[in-house]
Amino acid sequence: MPEVKRKYVIPGELITEGNYRIIANVIKRGNKFYSTRIGLAEYGQEGVKVIPLTGPYVPKVDDLVIGKIVDYSAFAWEVDINSCFMAYLPARNVYGKNFTPGQESLVKRFNIGDLIAAVVTAFDRTRDPILSVAGPGLGKISKGEVVKISPTKVPRLIGKKGSMIRTIESGTGCKLMIGQNGIVVLSGKPEGIIKAVKAIRLVEEEAHLADLTQKVQAMLGIKEEGGKEGDG
Amino acid sequence: MGKLINNGIRLDGRRVDELRPYKLEVGVLKNADGSAYIELGKNKIIVAVYGPKEVHPKHIALPDRCVIRCRYHMSPFSTDVRKTPAPSRREIEISKVIREALEPTILVEEYPRTAIDIFLEVLQSDGGSRCAGITAAALALADAGISMCDLVVACAAGKVDGTMVLDLSDIEDKEGEADMPVAVMPNLGIITLLQLDGILTHEEFKQGIDLALEGCRRLHEAQRKALMDRYFKTAPNQEVE
């Protein structure tokens with residue numbers, strides 16, 4: 001097992017010296033590595049990175065996001081995805097390649113204010129993110145409870161191979177849909193939702209600590225199942 | 001006018017190389033993406049950071065980096081006589097120098113076509129509010145999770161009664177001979193703001209820079225502690241295995 005060292009850091013703090021590969025949120029000056037964010041620095045054989053604890057959502061291709069329709073034109077919807085960029089959902093990504101503007105009315109599919117689940121199909125520095133709703137479980141979200149968390153804490157809420165989601169889902173009987181942009185949609189019975197929201201807030205507050213899955217299990221009153229799966 | 005320094009003790013009881021009492025806090029505003037509060041002597045300044053976000057009006061957006069907008073503002077009740085809330089010439093200038101002091105630390109290329117807004121609101125003013133503002137603004141930027149290569153910390157040095165002193169208060173600033181605010185990126189050792197109001201000899205200037213850098217070092221400790229308290233309070237210890 002390669003050894004990974006961890007450290008809590010703030011911007012400008014020296015993480016380590018030597019010869020490492022930069023993975024994320026690190027700058028190199030000479031042979032010294034400095035953090036650019038507040039978070040948990042990890043360095044080892046693989047390289048140096050900082051897992052940030054706060055920050056905006058920057059879209060990535062293939063991310064599942066949950067967004068709100070804010071506007072539409074003859075060709076596309078404009079979607080607020082809780083980021084510094086407005087996302088576009090082109091009508092041809094919904095109706096197919098043969099879409100001709102004028103024939104279909106976009107409002108019939110998604111109206112302003114609707115919540116949708118979508119994936120980012122294209123994004124780079126020069127263009128705004130493009131969305132698609134093709135895929136299982138994507139499209140309009142008609143019911144559920146919306147909870148916003150910090151986008152940097154989404155990986156912790158999902159857990160290693162989805163362990164945290166599974167824990168919360170089995171403990172509360174709710175279904176969770178987690179957008180990489182920090183928007184979570186819960187559906188299920190009201191009692192379950194209240195419990196799940198509490199669990200999500202716990203994960204958000206203690207995202208930088210170890211043994212989170214166990215803590216959430218204890219909170220939801222689940223006995224450890226099927227051996228240890230601990231997620232660091 | 002009496003003397004401002006008597007036997008090495010200043011009017012407010014400080015030694016020449018002593019900072020005023022300070023307090024720093026991070027994450028004080030819920031609606032902002034990042035925020036910080038600083039008290040330095042009688043200064044009370046609150047800083048809010050919004051962004052990165054879409055730029056309006058769109059034509060000021062830059063294709064390869066973000067724009068940084070900064071507003072330093074003194075509230076009408078921050079002084080002993082009411083100050084008009086309209087931005088004065090002085091406030092516009094300070095907004096610009098603060099922006100330029102913070103800009104080198106922000107990795108602007110990471111956020112193309114966006115804007116970052118920094119609002120500094122002086123609730124109570126004393127000498128050296130631009131320095132206190134910069135120190136707090138760096139914390140607010142870090143709190144907003146904006147990538148930056150270092151924090152920025154600022155502190156003034158100056159000449160009062162012929163002696164070089166650290167961290168001038170309002171009266172020392174007005175009655176003294178020189179005032180020199182310095183902002184620095186503490187880990188990289190890069191100076192991002194250097195102003196000088198008054199006349200210093202070469203020797204005095206060097207002494208002033210050394211004093212200011214030492215003050216910045218102490219304030220940086222406080223910055224670090226404020227961030228650690230906000231984010232890692234529940235953490236068991238610094239090193240995690």
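Predicted model: local features only at pLDDT ≥ 70, side-chain atom pairs only at ≥ 80, totals over all residues.
1. Ground rules: local features need pLDDT of at least 70, side-chain atom pairs count only at pLDDT 80 or more, and totals for chains, interfaces and linings use all residues. Residues are numbered from 1 along each chain as its sequence is written, chains are lettered from A, and side-chain values use heavy atoms, with hydrogens and water left out.

2. Chain A is assigned domain 1 (4–52), domain 2 (64–141) and domain 3 (145–220), with bounds from an automatic or database domain assignment. Taken over C-alpha atoms, the centres of domain 1 and domain 3 of chain A are 28 Å apart.

3. In chain A, the axes of helix 5 (residues 190–205) and helix 6 (residues 212–220) come within 10 Å and cross at roughly 150°. Helix 5 of chain A is therefore roughly antiparallel to helix 6 of chain A (angles over 145 degrees count as such).

4. The contact (heavy atoms within 4.5 Å) involves A:Lys195, A:Lys198, A:Ala199, A:Leu202 and A:Val203 of helix 5 of chain A, facing A:Leu212, A:Lys215, A:Val216, A:Met219 and A:Leu220 of helix 6 of chain A.

5. Over all chains, the structure holds eight aromatic pairs (Phe, Tyr or six-membered Trp rings with centres within 6.5 Å). One of them, A:Tyr20 with A:Phe33, is edge-to-face, at 5.9 Å centre to centre and 85° between the planes (over 60 degrees counts as edge-to-face). A:Tyr20 lies in the loop between strand 2 (14–17) and strand 3 (22–24) of chain A and A:Phe33 in strand 5 (residues 32–35) of chain A, so the pair ties together parts 13 residues apart in sequence.

Notes:
Axes fitted to C-alpha atoms, helices over the stretch in contact; angles between N-to-C directions. Helix = DSSP H or I, 4+ residues; strand = E, 2+ residues; numbered from the N terminus. Parallel < 35°, antiparallel > 145°, perpendicular 65-115°, else oblique. Phe/Tyr/Trp six-rings, centres within 6.5 Å; stacked < 30°, edge-to-face > 60°.
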